[in-house]
Amino acid sequence: MTACKTVTILGATGSVGQSTLDLIQRSPGIFSVEALTARSDVEGLAKAARASSAKCAVIADTARFQDLKDALAGTGIEVGAGEDAIADAARRGADWTMAAIVGCAGLMPVMAALEGGKTLAFANKEALVSAGSLMIDAAKRHGATLLPVDSEHNAIFQCLDRSAPKGVSRIILTASGGPFRTTPLDEMARATPAQAVAHPNWSMGAKISVDSATMMNKGLELIEAHHLFAMPADRLDVVIHPQSVIHSMVEYIDGSVLAQLGPADMRIPIAHTLAWPERMDTPCERIDLAAIGRLDFTAPDVLRFPALKLARDAMVAGGAAPAILNAANEAAVAAFLAGEIGFGNIVTVVARVLDRYAPDEPLSLPDVLAIDKEARRIALAVMESVIA
Ligand code: NDP
Ligand code: MG
C-alpha cells in the first residue's frame with residue numbers, strides 16, 4: 001500500500017473494532033483515524049481515540065457524554081454523543097469504514113456511511129439481515145464498495161472468480177458447530193451464559209458467541225450471503241467443520257471447489273478488507289496443516305440446531321421475515337445473557353414471534369426500523385407470558 005487511508009470504526013470498543021485498531025496501530029503512517037464510536041464504554045473509547053490520534057470520538061449513550069468530554073479534555077479530539085452523532089461520524093467521508101456495531105442498532109450508521117460512496121468493510125450482519133435489499137441498493141446507488149469481514153463471507157469473496165460469475169454453482173458456508181456440537185440435548189437446553197459464550201475456536205463478542213451456540217449465527221450468515229453475493233437460497237449450503245480451518249467454499253459448474261484457509265483470527269479477514277485490492281502483513285500465526293492432521297466435515301444436525309431452519313425459512317419467505325427473525329433473536333439473546341430466559345428458550349421465542357407477526361414487506365428504512373421495534377415488543381411479550 002502506498003497512499004494514507006482515512007479510517008472510521010463504528011463499534012471501536014468491541015471485538016472486531018479492537019482487532020481493527022490493532023492492525024492499524026501496527027502499520028504507522030499507513031492509516032489515519034477519522035472517527036471512532038462506541039455505545040457506553042467511555043474508557044475504552046477514550047483510550048482507543050488517544051492511542052490512534054483519532055479526529056473524533058462518539059458515544060451512543062448521551063448520559064455518558066460528560067465523561068467522554070472529561071476523558072478526552074485537552075487532546076483536541078472532537079467529541080459527540082447520541083445516535084445522530086454516530087450517523088454523523090459515519091458521514092465524515094473516511095476512505096474506509098468498519099461497520100462493527102452489534103445488532104440492528106448499526107443499520108442507520110451503515111446507511112449513513114454508504115452515502116459517501118467509499119468503502120465499507122462489513123461485519124455488522126444484523127443490519128444486512130434486517131434491511132438486505134435496501135442496503136445493497138443504497139451501496140449501488142452511492143457507488144460504495146462493500147467488502148465482507150465476516151470470515152465466511154470474506155472467504156467466499158476471496159474465492160469468487162469475478163471474471164466468470166455465471167460459473168458459480170453453489171456457495172458452501174462452513175460452521176464450527178459452536179460449544180454445544182456434541183453436548184447432550186437436555187444439558188444444552190440448560191446451558192448458562194458462561195458456557196454459551198465459550199466458543200471453542202473464535203474469541204468474539206457475547207451476542208455473536210451465543211448465536212454461534214444456537215447456530216442462529218450460521219442462519220444469519222446464510223441470509224448475509226444471499227444478499228452480498230446475490231445467491232438464491234437453494235444454492236447456499238452449510239457444512240459443519242469443527243476445526244475452523246476452511247472458512248468457506250465456492251463450487252463452480254465444472255465441479256471445482258475453491259476454499260480459503262487460515263487460522264481462526266479475525267485480523268486476517270479484516271486485513272484483507274483494509275488493504276484490498278492489495279494485501280498487507282499481519283502478525284497472525286500461519287496454519288500448519290501437517291500439525292492439524294485432518295479436516296472433518298458433517299451435515300448440520302437439524303434437531304440440535306432448529307435456528308438454522310428458522311433462518312433458512314425466513315430467507316426463503318423474504319419480505320419482513322428476516323428483520324423479524326433478527327429482532328426477536330436480538331431480544332431473546334439479550335434476555336438469555338441477562339439470566340431471564342434459558343438457552344433452550346431462545347429459538348422458541350424467535351419462532352413464536354415469526355408466527356405472530358406478519359407485516360408487509362418493508363420498502364424503506366423507517367419501515368424496517370418500525371418492524372424491528374414491533375418484533376422486539378412482541379418478543380418481550382412472548383417471554384413474559386409464555387416462557388416465564
Ligand atoms: P462486541 O459486542 O464485541 O462489540 C460491539 C460494538 O458495538 C462495541 O463497540 C459496542 O460499544 C458497540 N455497540 C453496541 N450496541 C451499540 C449501539 N446500540 N449503538 C452504538 N454502538 C453500539 O461485538 P463484536 O465485535 O463481536 O461484533 C460486532 C459485529 O461484527 C456483530 O454484528 C457481529 O455479528 C459481527 N462479527 C463479529 C465477529 C467477531 O469475531 N467478533 C466475527 C464476524 C462478524 P460498547 O463497547 O460501548 O458496548
Ligand atoms: Mg462468521
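Figure 1. Ala35 belongs to strand 2 (residues 31-38); helices (H or I, at least four residues) and strands (E, at least two) are DSSP runs, numbered from the N terminus. With a relative accessible area of 0%, Ala35 is buried, a word that stands for under 20% relative accessible area, whereas exposed stands for over 50% and partly exposed for what lies in between (1.4 Å probe, protein chains only). Between the C-alpha atoms of Ala35 and Leu303 there are 44 Å in space, and the two are 268 residues apart in sequence. Residues are numbered from 1 along each chain as its sequence is written, while chains are lettered from A and ligands numbered from 1 in the order in which they are written. Because the model is predicted, local features need pLDDT of at least 70 and side-chain atom pairs count only at pLDDT 80 or more, while totals for chains, interfaces and linings use all residues; side-chain values use heavy atoms, with hydrogens and water left out.

**Figure 2. The magnesium ion (ligand 2) and its protein donors.** Asp150 (OD), Glu152 (OE) and Glu221 (OE) are the protein donors of this ion, from which they lie 2.1 to 2.2 Å. Donors are N, O and S atoms within 2.8 Å of the metal (3.2 Å for Na, K and Ca), and sites may look incomplete because water is not among the atoms. Along the chain, the donors of the magnesium ion follow the spacing D-x1-E-x68-E. Asp150 is buried, at a relative accessible area of 6%, and Glu152 is buried as well, at 7%.

**Figure 3. Helix 7 and what covers it.** Helix 7 (residues 151-159) is mostly covered, since eight of its nine residues are buried; among them are Glu152, His153, Ile156 and Phe157. The cover over the buried residues of helix 7 includes strand 7 (145-148), strand 8, helix 11 (216-228), strand 10 (246-252), strand 11 (257-261) and helix 12 (267-275). Over the face of Phe157 lies Arg162, at 4.2 Å from the ring centre; a charge sits over a ring if NZ of Lys or CZ of Arg is within 6 Å of the ring centre and within 35 degrees of the ring normal.

**Figure 4. Phe343 and its aromatic neighbours.** Phe343 is found in the loop between helix 15 and helix 16 (345-356) and is buried, with a relative accessible area of 5%. Beyond residues up to four places away in sequence, Phe343 touches several others, including Phe180, Met188, Val210 and Phe336. The structure holds three aromatic pairs; in one of them, the ring centres of Phe336 and Phe343 are 5.6 Å apart and the planes stand at 70 degrees, so the pair is edge-to-face. Rings of Phe, Tyr and Trp (its six-membered ring) pair if their centres lie within 6.5 Å, and planes under 30 degrees apart count as stacked, over 60 as edge-to-face and the rest as tilted. Phe180, Phe336 and Phe343 form one aromatic cluster.

Figure 5. The centres of domain 1 and domain 2, taken over C-alpha atoms, are separated by 24 Å, and 20 residues of domain 1 are in contact with 24 residues of domain 2.

Figure 6. Most residues other than glycine have a negative phi, and most peptide bonds are trans. A cis peptide bond, with omega at about 5 degrees, joins Trp276 and Pro277, and Pro277 is placed in the loop between helix 12 and helix 13 (289-292). Met215, in the loop between helix 10 (206-214) and helix 11, has a positive phi near 70 degrees and is buried, with a relative accessible area of 2%. Ala230, in the loop between helix 11 and strand 9 (236-240), has a positive phi near 45 degrees and counts as exposed, at 66% relative accessibility.

Conventions: Contact = heavy atoms within 4.5 Å. Domains from an automatic or database assignment.
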